[in-house]
There are 2 protein chains.
Amino acid sequence: MTDVTAVTRESAQLAIDAKTKPLGALGRLEEIAVRLAILQQTPSPTIERTRVCVFAADHGVVDEGVSAYPRAVTAEMTRNFDRGGAAINVIARANSIDVEVVDVGVDAELGTLANIRHAKVRRGSRNFLLEPAMTREELDAALAAGASSARAAADSGVHALGLGEMGIGNTTSAAALLSALTRQSAAITVGRGTGITDEAMARKRAVVDRALQLYGNRSEERDARECLRCVGGLELAAIAGAALEAARQQMVVIADGFISTVSVLCAAAIAADESVELLSAMRAAVFFAHRSAECGHGLALEACQALLGESARPLLDLDMRLGEGTGAALAMPLLRSAAAVMREMATFASAGVSRD
Amino acid sequence: MTDVTAVTRESAQLAIDAKTKPLGALGRLEEIAVRLAILQQTPSPTIERTRVCVFAADHGVVDEGVSAYPRAVTAEMTRNFDRGGAAINVIARANSIDVEVVDVGVDAELGTLANIRHAKVRRGSRNFLLEPAMTREELDAALAAGASSARAAADSGVHALGLGEMGIGNTTSAAALLSALTRQSAAITVGRGTGITDEAMARKRAVVDRALQLYGNRSEERDARECLRCVGGLELAAIAGAALEAARQQMVVIADGFISTVSVLCAAAIAADESVELLSAMRAAVFFAHRSAECGHGLALEACQALLGESARPLLDLDMRLGEGTGAALAMPLLRSAAAVMREMATFASAGVSRD
């Protein structure tokens, strides 16, 4: 960051092309390296300190019978995070990544858990078939909880922030939000989540289509903030808030799977509604970790690409559909490696290697 | 390894299914976890100590004008490895992976390099348009050099061994070897390697087709060892030797890109020719790191799948075509994470999480 001259796409490309390897031979790793040099404005980018934030909340819409697991599992899994036994804890430890779990709306008293950040807005979002999922105040509080995590990460010197979630029922909220943002029907946006029966799947589709009818036609203009408030969830809003603030801080943002991607899409849509500079910051900062096996993720990635450009091509494709930020954690070593390539590799000149 | 009862596919699958996540939600990471538990015969597999071996050698066939870079680059890049400035050094450091570079046939005096293992068989393989690339003694020596690296890794407690290479001209040798093993023409097996012109590409194809005529029809039976001797290279033979010995040692073997995959294919074909037990050990041990952008890699992977089964589906797809073991290094964190999932994740029972 001490360099006087700005790092441009051209200068970053020249730098990577001077490294001892055939032109372009590191493929997508080179694209990442160039983006990191531009984002951090240095020819020696660093991805050393990394963190995954996992936002947890419950969903009123679970009352409609849309999930394979009972609502209690959100709290049980939050306790599992607290003890370090969940997939994200294990994968993060194996890759030297911090984990911060944030209760933004779990329907249980979790105040005694020492390893959880407590930022509960409400014990679960409201059932959006009966009323909007959040009031304006609740939405603002959830967005602020996410932004606060991103600022705390920036203050701790975190270079890359993965965004994950836990919340029984949240593939339903995410599918409804995706439908609202893209005006696509439930037939395209709804998947099996944690693995529901055909019967529950039919209910879930009907719920999302009903939500579209309830809130979809209020105005001709799509208002991303209002979509999030009406059919989103507290952890989806927190992810959106975290993504926007992390982008403002020029930190790398890594979207995880279906729910995280829909939340980041909503953040990009909010930025597009409100500020050219913020949308541009999102374009520079956001990476997509993996292609989820959840139906609807492809559409979410396409919609992200329309707003954020090429960055929406995910890095991994491992048939995963767990959430918790597990995909984001697995993508961290790729970002770390790309930064190291830009920062540490010898050039043809410095190594005395013949060019051709 | 202290468990008394054997770990079977069924017991490993039961163990992963008991973890706190929806069934199968970690996708390919679960497949890896199950394979690691079986290979290491423990429900708590470990991928902690990891190493990439990079075998370097020159190729007589470079005299035919098949490469974009002069032969001297093999020695220059070996010096670059020695100083830690090449892509594999940088990526390995970023992911806590050891690197061992082995000179099995570089056409230069490199005895003074302190960080290189010296196992030179000959200063480059012979031009296979004029004579077989190796004598029987040279082939045996190159196979033994690779086996020796694998044994040294096992003795050092390495859990996973990536196999990489450096050698100007070696995509030509690998394409010829792939053609010989699969009886496919150069039109399918030859690619642009480090980035050659159309003219050089035509020469390269002609060289491979000529090699097929010279050695391809000697006998009806395909003899993998003889294919390797006639049109392979010293570093390709070393990789094959390392893969066979690592499989014997029940160590994880990670094939890298085009050249490494063709060498591992040749090792699998040698095993298929010579020993049912050894082929079975290869099936258990070998993982494929990534889908290379080099033409011919798809065919090599298909041929591997025919011999080794499902394991031939690569883990990453990042448009890379550098070699050096860089893809293998990038796949290591996935294996490390999969082992950690099997070893450290809580179960529904231990975490008190409701199943459904």
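This is a predicted model: local features need pLDDT of at least 70, side-chain atom pairs count only at pLDDT 80 or more; totals for chains, interfaces and linings use all residues.
Two conventions first. Residues count from 1 along each chain as its sequence is written, and chains are lettered from A in the order in which they are written. Local features need pLDDT of at least 70, side-chain atom pairs need pLDDT 80 or more, totals for chains, interfaces and linings use all residues, and side-chain values use heavy atoms, without hydrogens and water.

Stop 1: Select chain A and colour by secondary structure. Chain A has 15 helices and 6 strands (DSSP runs numbered from the N terminus: H or I of at least four residues for helices, E of at least two for strands). The radius of gyration of chain A is 20 Å, close to the 21 Å from the globule rule for 356 residues, so chain A is as compact as a globular protein of that length. That radius is taken over C-alpha atoms, and the rule is 2.2 Å times the number of residues to the power 0.38. The C-alpha trace of chain A spans about 70 × 45 × 35 Å along its principal axes.

**Stop 2: a salt bridge inside chain A.** Select A:D107 and A:R71. Their side chains form a salt bridge, 3.4 Å from N to O (Lys or Arg side-chain nitrogen within 4 Å of an Asp or Glu carboxyl oxygen). A:D107 sits in the loop between β2 (98-105) and β3 (116-118), and A:R71 in the loop between β1 (50-57) and α3, so the pair ties together parts 36 residues apart in sequence.

**Stop 3: the interface.** Select the 53 residues of chain A in contact with 53 residues of chain B (heavy atoms within 4.5 Å). Together the chains bury about 4,300 Å², 61% of it on carbon and sulfur atoms (accessible area lost on being put together, 1.4 Å probe, summed over both parts). Now pick A:P22, A:Y69 and A:L318. These supply 12% of the area that chain A buries against chain B, more than any other three residues. Of the interface residues of chain A, 100% are also interface residues in chain B, so the copies meet through the same surface.

**Stop 4: across the interface.** The rule finds 4 salt bridges between chain A and chain B. Zoom to A:E344 and B:R93, a salt bridge with its closest N and O atoms 3.0 Å apart.

Conventions:
Buried area is the accessible area (1.4 Å probe) that two parts lose on being put together, summed over both.
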